[in-house]
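Student: I would like to go through this model with you, one question at a time. Please show it first.

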Amino acid sequence: MEDLKQNAKTEWFTKRNLTTSLAVVVSALVMAVANNVFLDAADLLPGGFMGIAVLGQKAGNLVGIHVSTALLLTLINLPVAIFSARHISKRFVFFSLANVLLTSLFLKIVPVFPFLGEIILNVIFGGFLYGFGIVIALRGGASSGGTDFISLYVANKSGKEIWSQIFVFNCVLLTIFGFLFGFDKAGYSILFQFLCTRTISNFHNRYKRITLQIFTKKRDEVVQAYINAFEHGITALDGTGGYSGTPTCLCVAIISSYQLHEATDVILKADPEAIINVMKSENYVGKFVQPKI
């Protein structure tokens with residue numbers, strides 16, 4: 001029994017889990033700062049699941065029914081979180097919910113103070129910083145909850161990100177807000193969502209693939225090391241060095257851009273003299289095993 005408990009502790013305190021935990025804490029703090037320093041000053045309307053919850057609460061008030069925003073937000077997130085736990089991973093959902101809770105905590109701790117006087121500057125810096133906070137969570141193996149659950153599920157299934165579609169959804173939601181509360185706030189909020197979405201799209205490249213061309217004289221060692229480390233295939237082509245005239249192997253592999261540093265480390269350990277050429281894969285057709293979140 002003690003051995004089982006010790007093994008469970010060992011499995012929890014892995015480098016991967018500790019890295020994700022740190023990313024979740026930093027992400028929550030960055031998003032809380034972005035909200036309290038920039039977004040509150042701009043008085044923006046929320047998008048995503050929070051926007052749906054606020055819209056539901058406002059709609060309820062119009063017909064004389066009081067509905068808690070927190071309750072609505074929980075009810076919306078709960079089925080999506082359960083679905084994601086089944087189809088993505090329980091680990092991902094656990095850290096994502098931890099991120100949501102920590103963000104709520106930091107929102108109460110971080111002081112609210114306007115840093116910039118111009119609303120447009122608050123929108124620009126707030127949109128970038130908030131999006132960057134989400135990127136930190138995503139790169140660490142978590143998310144900020146809400147629509148992130150849906151977008152990552154679709155990306156895992158199709159290999160394509162849908163941040164643009166999420167932005168369109170937010171635009172529709174904010175347009176409804178515009179009819180109710182004025183289009184000035186809605187316009188600034190749409191600009192904020194655009195900057196936030198572009199930041200995520202530019203920095204979160206998990207589903208972007210790259211092609212490795214590996215030139216090595218230790219074919220068997222490199223291929224075996226690569227196969228042991230990754231679930232992707234690798235093709236080895238025998239050739240001859242044009243300058244040296246010695247037998248040389250060209251190994252070709254396609255991996256996720258997230259795996260680049262790990263792949264280069266594995267290859268160079270197998271052959272320190274290997275030459276690695278990295279190219280972007282603009283399009284990919286066929287099966288591809290995504291790294292687990």
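Student: At what angle do helix 3 and helix 8 pack?

Tutor: This is a predicted model, where local features need pLDDT of at least 70, side-chain atom pairs count only at pLDDT 80 or more, and totals for chains, interfaces and linings use all residues. Residues are numbered from 1 along each chain as its sequence is written, and side-chain values use heavy atoms, with hydrogens and water left out. Helix 3 spans residues 48-62 and helix 8 spans residues 163-181, with their axes 10 Å apart. They pack at an angle of about 30°.

Student: Are helix 3 and helix 8 roughly parallel or roughly antiparallel to each other?

Tutor: Angles under 35 degrees count as roughly parallel, over 145 as roughly antiparallel, 65 to 115 as roughly perpendicular and the rest as oblique. The angle here is about 30°. Helix 3 and helix 8 are therefore roughly parallel.

Student: How do the residues of the contact of helix 3 with helix 8 divide?

Tutor: Contact means heavy atoms within 4.5 Å. Helix 3 contributes G48, G51, I52, V54, L55, K58 and L62, and helix 8 contributes F169, N170, L173, I176, F177, L180 and F181. Ala, Val, Leu, Ile, Met, Phe, Trp, Tyr, Cys and Pro count as nonpolar, Asp, Glu, Lys and Arg as charged, and the others, Gly among them, as polar. The division is 10 nonpolar, three polar and one charged.

Student: Which residues does N99 contact beyond its neighbours within four places in sequence?

Tutor: N99 sits in helix 5, residues 90-109. It is buried (under 20% relative accessible area; exposed is over 50%, partly exposed in between, with a 1.4 Å probe and protein chains only), because its relative accessibility is 1%. Its contacts are V24, S27, A28, M31, A137, S143 and S144.

Student: And N77, which residues does it touch, not counting those up to four places away in sequence?

Tutor: N77 belongs to helix 4, residues 69-87. At 16% relative accessibility, N77 is buried too. N77 touches F49, G145, G146 and F149.

Student: How many disulfides does the count come to?

Tutor: The rule is the sulfur cut-off of 2.5 Å. By this rule, the count is zero.

Technical notes: Axes are lines fitted to C-alpha atoms, for helices over the stretch in contact, and angles run from 0 to 180 degrees between N-to-C directions. Helices (H or I, at least four residues) and strands (E, at least two) are DSSP runs, numbered from the N terminus.
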